[in-house]
Amino acid sequence: MFEKNGRLGEIGLEMKDVSTYYGEAQALKSIELYVHTGEVVSILGSNGAGKTTLLRTLIGMLRPRYGKIIFCGVSIEEMEPNDIIRMGIAGVLEGRELFGTMSVYDNLLLGTYSIKGKERKKIFSERLEMVFSLFPVLKERLKQRAETLSGGQQQMLAIGRALMANPKLLFLDEPSLGLSPLLVIEMMSLLSKIVKEWGISLLLVEQNARAALRIAHFVYILERGEVVLKGGSEQVITSPVIQRAYLGG
Ligand code: ATP
């Protein structure tokens, strides 16, 4: 159900006035961004807009110089990446970061490394079945080395591994990159299914605006480190700026 402000559910993630620098170069400028529970929120923008920097800041790989990041009511902007994963944020950065010479199974197992003790075993087998039902091909190729999978299968493995961490918020950096147009459509509907059926939120960074707008509830457009436009996807899709810059209209 949409609320009055057009957003779904409760606020899960808040980035407030977040600014991140590389040395003295400012890459994020006072970012204000919200992800509500159950939403697909997409960040669109061209090369160098700051999309990856925003994700790195969210997961503790970069420290914001200013601003606050609050997840499920807790300030996380000074936490270590592992603790942020434990809080329930997991995903795939650019390049997928799979361990190529390790098997599909071992890559999936690594997805649970931040979960402690006894809980890990239980979550591992439960999650494994859920990941297999989403991506049956991973079950078929469990013993195969990750590097021998096709591009699409590697993307599935990377997403599967992130889901093994039991996240409340999944983030993905350009999951459509390198996939055929047909696979992009399939990938987007799978992502939409994960969000609905698993009750999680998705922060989806994309250059492929058409793909992202298929499933996003809310969209932020980044340019030169700033949010220049935001809104519900039906609203954003009709904006002349978006039509011209991102949809070839
Ligand atoms: P792309 O889609 O090309 O990855 P992006 O929107 O993800 O683009 P970022 O990679 O976040 O953009 O880059 C934002 C800005 O920060 C760019 O001007 C980029 O040159 C700069 N930048 C990114 N990484 C570094 C770094 N490690 N050191 C210095 N500057 C960086």
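The legends below describe close-up views of a predicted model.

View 1. The shell around the ligand holds 13 residues, and the closest are Asn47, Gly48, Lys51, Thr52 and Thr53. By class, this shell divides into 3 nonpolar, 7 polar and 3 charged residues. Helix 1 (residues 51–58) supplies the largest share of the shell, namely 3 residues.

View 2. An N or O atom in the side chain of threonine 53 lies 2.5 Å from an oxygen atom of the ligand. For glycine 50, the atom concerned is a backbone N or O atom, and its distance from an oxygen atom of the ligand is 2.9 Å. Glutamate 174 places a polar side-chain atom 3.3 Å from an oxygen atom of the ligand. On its own the ligand has 630 Å² of accessible area, of which the protein covers 59%.

**View 3. Helix 1 and the residue that follows.** Helix 1 is mostly covered, with 7 of its 8 residues buried. The buried residues are Lys51, Thr52, Thr53, Leu54, Leu55, Thr57 and Leu58. Just after the helix, glycine 60 adopts a positive phi of about 85°.

**View 4. The contact between threonine 20 and threonine 57.** Threonine 20 belongs to strand 1. Its relative accessible area is 0%, so the residue counts as buried. The side chains of threonine 20 and threonine 57 make a polar contact at 3.1 Å.

View 5. Four strands form an open sheet in the order 2-1-4-5, and their pairing is antiparallel. Strand 2 (25–36) and strand 5 (74–75) are the edge strands, each pairing on one side only. In general, the strands of a sheet pair through backbone hydrogen bonds. Strand 1 (residues 11–22) runs antiparallel to strand 2 and is joined to it by 8 bridges. Strand 1 also runs antiparallel to strand 4 (residues 66–71), with 5 bridges between them.

View 6. Tyrosine 22 has alanine 25 in strand 2 opposite it. Towards strand 4, lysine 16 has lysine 68 as its bridge partner. Strand 1 and strand 2 form a hairpin with 2 residues between them, and glycine 23 in the turn has a positive phi of about 60°.

**View 7. The aromatic pair of tyrosine 105 and phenylalanine 124.** The whole structure contains 3 aromatic pairs. In the pair shown here, the ring centres of tyrosine 105 and phenylalanine 124 are 5.6 Å apart and the planes stand at 80°, so the arrangement is edge-to-face. Tyrosine 105 lies in helix 3 (residues 104–110) and phenylalanine 124 in helix 4 (residues 117–134), so the pair ties together parts that are 19 residues apart in sequence. Tyrosine 105 is partly exposed, with a relative accessible area of 33%. Phenylalanine 124, by contrast, has a relative accessible area of 9% and is buried.

Conventions. Residues numbered from 1 in each chain as written. Predicted model: local features only at pLDDT ≥ 70, side-chain atom pairs only at ≥ 80, totals over all residues. Heavy atoms only, no water. Near = heavy atom within 4 Å. Polar contact = N/O pair within 3.5 Å; in protein donor to acceptor, adjacent residues only side chain to side chain. Areas by Shrake-Rupley, 256 points an atom, 1.4 Å probe, with all protein chains shown as cover. Nonpolar A, V, L, I, M, F, W, Y, C, P; charged D, E, K, R; others polar. Buried < 20%, exposed > 50% of the residue type's maximum accessible area, 1.4 Å probe, protein only. Pairing = 2+ DSSP bridges. Phe/Tyr/Trp six-rings, centres within 6.5 Å; stacked < 30°, edge-to-face > 60°.
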